[in-house]
Amino acid sequence: ALPERSKKYRILTRDELKKVMTHISQEDEEEFLWLVFFSVLFNSGARRGEIQALKFSDLNFESKMIRIDKTYSSKHKNKNEPLKHPKTESSVRTIPLDDNTFQLLRKVYERRIDDKNFSRDNFIFRRPDNPSLPFADTTVERRKNILIRKSKVPHFTVHDLRHSHASELIGNNINIVVVSKRLGHSSVEVTINVYAHLLPSADLQVVNFINKMNE
């Protein structure tokens with residue numbers, strides 16, 4: 001099954017993301033957590049449930065990576081255990097993050113570590129009214145829509161952030177195999193199926209290469 005292939009999506013540019021982020025306060029701890037949440041989504045390409053499920057134990061401070069080995073689902077039958085294994089074995093992966101995004105996660109950690117109830121097993125993106133649970137899907141959707149209204153950026157879905165990340169990488173000639181592994185796709189074919197329209201320039205690269213070799 002290739003659920004991502006047939007759906008249309010909107011590419012959110014980095015400038016649009018910055019515009020959205022200007023409407024989130026960095027001073028308020030709860031607000032800051034939302035800024036980090038959307039930043040990690042955009043800059044990791046991970047699925048929403050994978051980021052919701054992140055715990056502090058999933059952060060590697062030395063290599064600046066996040067470990068993806070579970071996903072959150074509000075539809076899970078056992079409400080006391082809302083986490084489940086990712087959709088495929090290839091979804092279990094580590095994702096290196098850029099310095100800025102990892103620094104945001106580090107700030108959350110530094111702010112939280114003083115909490116007397118702090119544990120590395122805590123959810124990073126916890127609910128203010130129930131710290132034992134991650135952000136709810138409905139709250140994520142509501143927050144996103146509020147930011148869209150405030151920033152006047154054209155409408156996008158949370159999943160569009162994943163597509164935006166992948167499209168940015170492919171558009172800048174990052175190896176498709178690397179992109180596929182980063183996204184946690186079951187195969188490179190899946191990635192190509194979803195983003196084939198971004199790859200025509202590769203044909204031109206081949207021709208340019210052969211032309212150069214024939215000089």
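Modeller: On a 1 Å grid over the protein atoms alone, a cavity is a set of points where a 1.4 Å probe fits but cannot get out, and its lining residues have an atom within 4 Å of a point. The model is predicted: local features need pLDDT of at least 70 and side-chain atom pairs pLDDT 80 or more, while totals for chains, interfaces and linings use all residues. Residues are numbered from 1 along each chain as its sequence is written, and side-chain values use heavy atoms, without hydrogens or water.

Biologist: What volume does the largest cavity have?

Modeller: The structure contains 1 cavity of 30 Å³ or more. Volume here is the space filled by probe spheres set on grid points joined across faces, edges and corners. For the largest cavity, the volume is about 40 Å³.

Biologist: Which element gives the most to the lining of the largest cavity?

Modeller: The lining consists of Leu 17, Val 20, Met 21, Phe 38, Lys 144, Leu 147, Phe 156 and Leu 161. Two helices (DSSP runs of H or I, at least four residues, numbered from the N terminus) give two or more residues each, namely H1 (14–21) and H5 (137–151). With 3 residues, the element that gives the most is H1.

Biologist: Over the ring of which residue does the charged end of Lys 144 sit?

Modeller: Lys 144 is among the residues that line the largest cavity. A charge sits over a ring if NZ of Lys or CZ of Arg is within 6 Å of the ring centre and within 35 degrees of the ring normal. At 6.0 Å from the ring centre, the charged end of Lys 144 sits over Phe 156.

Biologist: Is the pair of Trp 34 and Phe 37 stacked or edge-to-face?

Modeller: The structure holds 13 aromatic pairs, meaning rings of Phe, Tyr and Trp (its six-membered ring) with centres within 6.5 Å, where planes under 30 degrees apart count as stacked, over 60 as edge-to-face and the rest as tilted. Trp 34 and Phe 37 lie 3 residues apart in helix H2, about one turn of the helix. Their ring centres are 5.8 Å apart and their planes stand at 80°, so the pair is edge-to-face.

Biologist: How many residues apart in sequence are the parts that Phe 37 and Phe 125 tie together?

Modeller: Phe 37 and Phe 125 form an edge-to-face pair, with 5.2 Å between centres and 75° between planes. Phe 37 belongs to helix H2 and Phe 125 to the loop between H4 and H5, so the pair ties together parts whose separation in sequence is 88 residues.

Biologist: What relative accessible area does Phe 37 have?

Modeller: Phe 37 belongs to one aromatic cluster with Trp 34, Phe 38, Phe 125 and Phe 135. For Phe 37, the value is 0%.

Methods: On a 1 Å grid over the protein atoms alone, a cavity is a set of points where a 1.4 Å probe fits but cannot get out, and a pocket is an open set with protein on both sides within 12 Å along at least five of seven lines; lining residues have an atom within 4 Å of a point. Buried means under 20% relative accessible area, exposed over 50%, partly exposed in between (1.4 Å probe, protein chains only).
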